[in-house]
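User: Hey, can you walk me through this one? I'm new to this.

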Amino acid sequence: MLGFLDRYPSTQLLGGRPIDRWGHTPFDPTPLTGQSVAALVRAHLAGQAPVHKRPPSKPPATPTLENTPLPVVVDVELDQGYYDRGIAVRRNAHTHLDDVTDILDGIEDEADKLLADLLAILDCTEID
């Protein structure tokens, strides 16, 4: 099973079973006892091996008009003040963000200074 899933990864094959996509179950692995192995071998040698039943498959759900939710249409009417407030906020933000470039330039200058200091320290150290 693990080899198959390595070649053809598909969680759909494992749907409805407690097996993850890597082939592991949520249960602790318990080995078969010697008696269980012997009983299975005897059954196979006698031609009376148990038949493995496939789990029932679920038919694919087909969308119909009965089970498809209809979208909810909401009629929203915005007043002119809504647009005026939005324009005012954008103008106000423009004036507040005027000095952002100067602040970022100052941060860049400080980072360059720190880098130059670090390189000076590293150049002065000698490894013996």
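User: Where is valine 76 found?
Analyst: Valine 76 sits in the loop between helix H2 (34-45) and helix H3 (80-96). Helices here are DSSP runs of H or I with at least four residues, strands are runs of E with at least two, and both are numbered from the N terminus. This is a predicted model, where local features need pLDDT of at least 70, side-chain atom pairs count only at pLDDT 80 or more, and totals for chains, interfaces and linings use all residues. Residues are numbered from 1 along each chain as its sequence is written, and side-chain values use heavy atoms, with hydrogens and water left out.

User: OK, and does valine 76 count as buried or exposed?
Analyst: Exposed, because its relative accessibility is 57%. Buried means under 20% relative accessible area, exposed over 50%, and partly exposed in between (1.4 Å probe, protein chains only).

User: Which helix has the lowest mean pLDDT?
Analyst: Helix H1 (residues 2-7), with 60, while H4 has the highest at 91. pLDDT is the predictor's confidence in each residue, from 0 to 100. The protein averages 77, and 68% of the residues score at least 70.

User: And where does aspartate 109 lie?
Analyst: In helix H4, which covers residues 100-124.
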